[in-house]
Amino acid sequence: MAIASSPPQTFAAPARGQSVNARILRLAWRSPEMKVASALFLALCLLTLFGPFVIDASATKISVADKFLPPIFMEGGKLPHILGTDQLGRDLLLRSLIGLRNAFLIGVVSVVLMFVLGCAIGIYSGYRGGWTDVVLMRITDIQMSIPVIILAITILGMSRPNPVTIIAVLVLSGWPIYARVARSVTLAERQKEYVRAARIIGASDLRIMVRHIAPSILPPIAFVAVLDVARMMIFEAIFGFIGIGIQPPTPTFGTIIAGGTQYLLNA
Amino acid sequence: MAFALEFFLRRISQGALIVLAVAFVIFTLLRIAPGDPIRIILGPMATPSAMEETAQRLGLRDPIPVQFVRYLGDIVKGDFGNSFIRGKQGGTTGGSQDAGGSAPVDRAPVIELIAKALPYTLLLAASGFLLACLVSIPLGILAGVRNHGWPQRVALYLSSFFVSLPNVWVGIVLIYLLSARTGWLPAIGYQHIGYVIIPAIVVAVELAPVMIRSISVAVATNVQEPFYEIGQVRGLSARAMLFRHVLRNAAVPLLNSFGAQMIGMLLGGLFVVEYIFSFPGIGLLTINAVFQRDFPVIQTVAIFASTVLVFINIAVDFASTTIDRRLKF
């Protein structure tokens, strides 16, 4: 999402040899939001990486004696179950951390794949033009007219869902937007001086697409793609909730929520 | 007029092809995916010969292209087929039945199932969308006009907060807070209009961040353009500039993002929300149909959904050219 309305800033004179990205990062670092968000992100990363070794509990081992323990800061809570336990006595903090790790991996992998696939198709389509363009763009139209959720429940509900099929579904439904955007930028880029110059000195089409067009158009698209990781993680949670995500006993956000739902009315 | 006519003819014929392709993709996916609907229709006790007989009668053993052409032929006659599972009287008739009990005449026509569910989905969609508009239009405009003050901050924080909440989580928490804990509102199923409130809030929470974001960006870019200040220099009030000129200009990118993004999101959101709340709409019908391998229901819903998507996109493109005549081709 473009931040079209950032307040006017006084730009310090750029130090020599400093890249634009480094300057933007430094500028962003000044805002308190950036600091809080980075700290949170880092803390969660460390927790998911090391939590499972530090916390003396199991995310999948059932122990009925310990079921429905409240979090440690409420009355009746006890160590090592910092956030309490679920209906089968499994540690909730640990389950959430593993769920987060799975969701994050699925989110990152699927966005990287849909980005690469979509942009490759988009650049090719825009650069080639003609019939190639027409056919590829009609395919994107078709793909975009199948609602994600229908595609997902059809494929995942029929087969036995695992991380690979989940990623496949997300990529399949996510690539057309990248293809659209990459194509429209490529169309504008194709006319530019440097592309024509590259062609005149005899660079092959593939080389022009990969070495010249892609580096100049991809960074802004990649920026938007980062936000998509969060969207894909939410999809992963939704799939888990409906029962078409990663299957138990592996914890996911969706299955944790679904597990708690049954006991909501007695809580 | 000639422009409009040509536009619609061209786009509708393209759209029809797209819907046809979508239908074929879903049709094929269902048939090549593992999971045999016959097993679910007849139950675990059925003999292989009975299963084979039923499969033959339902035409599930023919090559997929043959099945597809036959299906299209039926659709042209207005027949979307009968559900594999659901009986005419309502309720599920799958399970331990003999082969004789599964005659297609006893099964509910898909079209009736959808007609029964559609009003609920429309009600939920309309109220969720309305609720999202009530919050995001004023907030988005305010944030766009005063883009350094508190409205911009509120809009930013609110949309960042909402966008990171999965709708399943919001749904469960709201059920707990507004229904289970306090008993203020009913939550599960549908008996009267009150049952739509909590699901609509969940749908709105999902839509609002995108709407706030796109409205404020669209308004902000227009407010920064020279025509905004020039208009005020010429004596037009800020209010008149905003409502007559800025909003009109901002409407085009908004319509585009609403068409492409929002309808897809709304549709996905509806399915999930209906599932959470056991709300008897199209989404719940479809999710149950998938788990029961009820091919005719899934196919028809997919066809209808993609038709809606295609038509909304055509309408959006037409509306943008009417609002901003520069876009005509």
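How many helices and strands does chain B have? Twelve helices and two strands. The close-ups below come from a predicted model, where local features need pLDDT of at least 70, side-chain atom pairs count only at pLDDT 80 or more, and totals for chains, interfaces and linings use all residues. As for bookkeeping, residues are numbered from 1 along each chain as its sequence is written, chains are lettered from A and ligands numbered from 1 in the order in which they are written, and side-chain values use heavy atoms, with hydrogens and water left out.

**View 1. Chain B, the whole fold.** Going along the sequence, the elements of chain B run α-α-α-α-β-β-α-α-α-α-α-α-α-α. Helices here are DSSP runs of H or I with at least four residues, strands are runs of E with at least two, and both are numbered from the N terminus. Along the principal axes, the C-alpha atoms of chain B take up a box of roughly 85 × 60 × 30 Å. Of its 329 residues, 48% count as buried. For this and the views that follow, buried means under 20% relative accessible area, exposed means over 50%, and partly exposed is in between (1.4 Å probe, protein chains only).

**View 2. The second largest pocket, with chain B residues nearest its centre.** This pocket has a volume of about 490 Å³. The lining counts 23 residues, and B:Leu58, B:Asp74, B:Gly81, B:Asn82 and B:Phe84 are the ones nearest the centre. In chain B, α1 (2-32), α3 (48-58), α4 (64-76), β1 (82-87) and α12 (295-323) each put at least two residues into the lining. The most comes from α4(B), with four residues. Sorted by class, the lining has nine nonpolar, eight polar and six charged residues. In that sorting, Ala, Val, Leu, Ile, Met, Phe, Trp, Tyr, Cys and Pro are nonpolar, Asp, Glu, Lys and Arg are charged, and the others, Gly among them, are polar. A pocket is an open set of points on a 1 Å grid over the protein atoms alone, where a 1.4 Å probe fits and protein lies on both sides within 12 Å along at least five of seven lines; lining residues have an atom within 4 Å of a point. Points are joined across faces, edges and corners, and the volume is the space filled by probe spheres set on them.

**View 3. Salt bridges in chain B.** B:Glu52 and B:Arg61 pair up through their side chains, at 3.2 Å from N to O. B:Glu52 is partly exposed at 33% relative accessible area, and B:Arg61 is also partly exposed, at 38%. Another bridge links B:Arg70 to B:Asp62, with the closest N and O atoms 3.0 Å apart. B:Arg70 counts as partly exposed at 38%, and B:Asp62 is partly exposed at 29%. Over in chain A, bridges with shared partners tie A:Arg138, A:Asp141 and A:Arg180 into one network. A salt bridge here is a side-chain nitrogen of Lys or Arg within 4 Å of a carboxyl oxygen of Asp or Glu, and the whole structure has ten of them over all chains.

View 4. A:Glu193 and A:Arg196 both sit in α7 (residues 193-200), three residues apart, or about one turn of the helix. Their closest N and O atoms are 3.7 Å apart. A:Glu193 is exposed at 59%, while A:Arg196 counts as partly exposed at 45%.

**View 5. A nonpolar patch on chain A.** A:Leu42, A:Leu46, A:Leu49, A:Phe50, A:Phe53 and A:Val54 make a nonpolar surface patch of about 710 Å². Patch members have over 30% relative accessible area and no salt bridge, and nonpolar side chains (Val, Leu, Ile, Met, Phe, Trp, Tyr) are joined within 5 Å, like charges within 9 Å. Areas come from the Shrake-Rupley method with a 1.4 Å probe, and for residues only the protein chains shown count as cover. One of the members, A:Phe53, belongs to helix α2 (residues 32-54) and counts as exposed at 71%.

View 6. Most residues other than glycine have a negative phi, and most peptide bonds are trans. The bond from A:Pro248 to A:Pro249 is cis, with omega near 10°, and A:Pro249 lies in the loop between α8 (205-242) and α9 (253-261) of chain A. B:Ser278, not a glycine, has a positive phi of about 50°; this serine is in the loop between α10 (238-277) and α11 (282-291) of chain B and is partly exposed at 35%. B:Arg293 also has a positive phi, of about 55°, in the loop between α11 and α12 of chain B, and is buried at 13%.
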